[in-house]
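Please look at the model below before reading on. The paragraphs that follow lead through it step by step.

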Amino acid sequence: MNYRHYKRMPVVKLDDRQWPSRVQEKAPIWCSVDLRDGNQALEVPMNIEQKLDFFNYLVKVGFKEIEIGFPAASKTDYEFTRRLIEDNYIPDDVTIQVLTQSRESIIKETFEAVSGAKNVIIHLYNSTSTVQREVVFGFDQKECIDLAVSGTRLVKKYIQNDKSGTNFRLEYSPESFSSTEPEFAVEICNSVLDEYQPTSDDKVIINLPETVEMSTPNVYADQVEYFCRNVKYRENVIVSIHTHNDRGTGIASSELGLLAGADRVEGTLFGNGERTGNADIVILAINMMMLGIDPKLDFSDVNEAISVYEENTSMLVPDRYPWSGKLVFTAFSGSHQDAIKKGLEVQNRIENKTWDVPYLPIDPKDVGRDYEPIIRINSQSGKGGVAYVMSQMFGLTLPRSFQKDFIKIVKAKSCDEDIELLPQQVFDLFDDSYINVFTPYNLLKFRELSHEDNYSEVEAIISKADMEATTFIGHGNGFLDAFVDAVNHFADVNVTINMYSEHSMKSGSDSAAITYIEIMDKDNGKIYLGAGVSSSVTKSSVRAVISAVNRMLNSRV
């Protein structure tokens with residue numbers, strides 16, 4: 001790796017930093033930039049109808065500030081802005097935000113685009129990092145400040161001259177803030193604030209973009225805290241953060257930036273944006289919910305969010321994407337599956353219990369997911385996972401011996417065919433392995449001939465493929481013991497019941513019963529399992545015995 005090709009970005013000397021000791025206690029002001037920052041990063045930008053659909057969804061989930069575009073730089077953005085305003089798509093409590101550069105022609109067209117809107121943020125920006133100033137624009141620091149101040153002066157003039165009654169606010173972004181000398185970032189923002197003169201009734205948003213993520217999240221947090229300590233008019237300034245994900249830590253940078261003093265977060269759904277994207281507001285909001293904080297955004301149906309996002313952007317949410325990917329509430333590992341099963345059992349027994357289930361940091365239902373896909377079965381699965389699927393989806397409470405035996409069959413099936421088993425396939429495998437075992441012997445009829453205390457006589461009619469049906473009589477201490485005696489005579493075996501368990505598979509008068517039987521071969525001590533299903537417990541019991549005996553005989557072949 002050519003590590004000598006790079007150098008560290010500027011680091012703030014902040015020996016008495018406060019942010020590591022702080023705890024997030026409330027949601028920030030959220031601003032979606034999906035329709036501007038996110039949209040400009042798409043291979044095929046959204047058309048007006050797609051942007052309208054996306055905008056309506058952002059409003060629905062609770063965004064009160066939405067950056068809708070760069071109307072002076074894009075015909076589509078201009079027309080979209082006018083469509084929102086003229087067709088009354090913007091609720092009275094929602095503020096639209098539009099981006100502009102520090103040039104009078106662009107600022108003038110921006111104000112024309114938003115004419116008639118009730119609440120508007122004019123988002124002014126210019127690049128401030130050393131490399132942008134010197135390499136891209138050929139500016140020194142003074143020229144960079146002059147550009148920001150002149151743009152602020154023009155915005156202020158257009159606001160003062162506006163007669164429409166629009167509630168305007170100014171947002172200023174020193175683009176590439178995180179790559180700008182910290183002292184200069186404060187200086188240029190203070191110059192903007194001196195020009196605008198914010199008040200408690202007319203606060204200015206100062207947005208601190210991590211336009212390209214160049215360092216670790218703690219460095220960005222130091223930069224934000226340094227800025228918050230040194231910016232003028234702090235009580236009349238809303239400090240906003242806008243992080244990107246180049247190093248894969250955009251979420252962490254936003255979370256630490258809030259601890260460092262920021263009041264507001266700009267981001268996108270599922271992190272759409274230039275290069276590796278922006279901070280994902282879905283993740284940030286659900287992370288807050290997980291800490292017991294009301295995020296003030298409603299992603300209780302994350303599937304709808306995914307649908308709106310994928311249909312309008314043609315982007316896909318990856319399977320392992322935090323909180324939203326289709327595999328994030330799954331468990332393939334056997335030990336994980338067993339722990340989840342036990343945790344859910346406790347959770348369901350205790351009313352009003354705060355969520356605390358191993359390997360499931362949040363309740364999938366809280367983001368609109370079901371329990372059904374939580375546990376997936378493959379060659380790595382364990383008995384707890386299989387037991388959970390059988391219980392939750394099919395009402396079968398497998399005894400421990402069945403769990404231990406059945407998982408071997410499941411793993412063999414998954415491994416041999418190199419597949420993941422769906423719940424129905426797991427049930428069918430259990431059915432074929434333990435219930436539908438009709439060979440070599442098939443029970444045709446049975447009846448109890450006599451019954452006294454501790455004594456029964458049972459008649460059983462049993463067939464075999466290569467012989468006619470035969471009637472046998474069995475005797476024993478109770479019905480089932482007598483039936484086993486009849487089977488022993490017919491099949492020339494010597495078994496006894498080692499374990500018996502049964503339960504109803506569903507509630508109601510038409511419920512089916514399932515019986516689980518362990519038989520022991522008294523000649524060698526080996527255990528064999530069988531199950532039977534019927535609306536009658538008596539019938540399910542004798543069917544389970546036949547299945548167990550057949551499995552024993554088949555294992556000898």
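Which side chain meets that of Asp 521 in a salt bridge? The partner is Arg 556, at 2.8 Å from N to O; a salt bridge here is a side-chain nitrogen of Lys or Arg within 4 Å of a carboxyl oxygen of Asp or Glu. Asp 521 belongs to strand 13 (residues 513-521) and Arg 556 to the segment after helix 17 (537-555), so the pair ties together parts that are 35 residues apart in sequence. Asp 521 counts as buried because its relative accessibility is 1%, whereas Arg 556, at 48%, counts as partly exposed. In these terms, buried means under 20% relative accessible area, exposed means over 50%, and partly exposed lies in between (1.4 Å probe, protein chains only).

The model is predicted: local features need pLDDT of at least 70, side-chain atom pairs count only at pLDDT 80 or more, and totals for chains, interfaces and linings use all residues. Residues are numbered from 1 along each chain as its sequence is written, and side-chain values use heavy atoms, with hydrogens and water left out.

The salt-bridge rule gives a count of 32. One of them joins the side chains of Lys 60 and Glu 304 at 2.7 Å, N to O. Lys 60 lies in helix 2 (residues 48-61) and Glu 304 in helix 11 (residues 302-313), so this pair links parts that are 244 residues apart in sequence. Lys 60 is exposed, with 56% relative accessibility, and Glu 304 is partly exposed at 27%. Helices (H or I, at least four residues) and strands (E, at least two) are DSSP runs, numbered from the N terminus.

In the order 1-2-3-4-5-6-7-8, 8 strands close into a barrel with parallel pairing; two strands pair if DSSP finds at least two bridges between them. Neighbouring strands of this sheet are turned by 25° against each other on average, direction ignored. Helix 7 (residues 182-196) lies across strand 4 (119-127), strand 5 (167-175), strand 6 and strand 7, and runs at about 160° to strand 5. Such angles run from 0 to 180 degrees between N-to-C directions, with axes fitted to C-alpha atoms, for helices over the stretch in contact; contact means heavy atoms within 4.5 Å.
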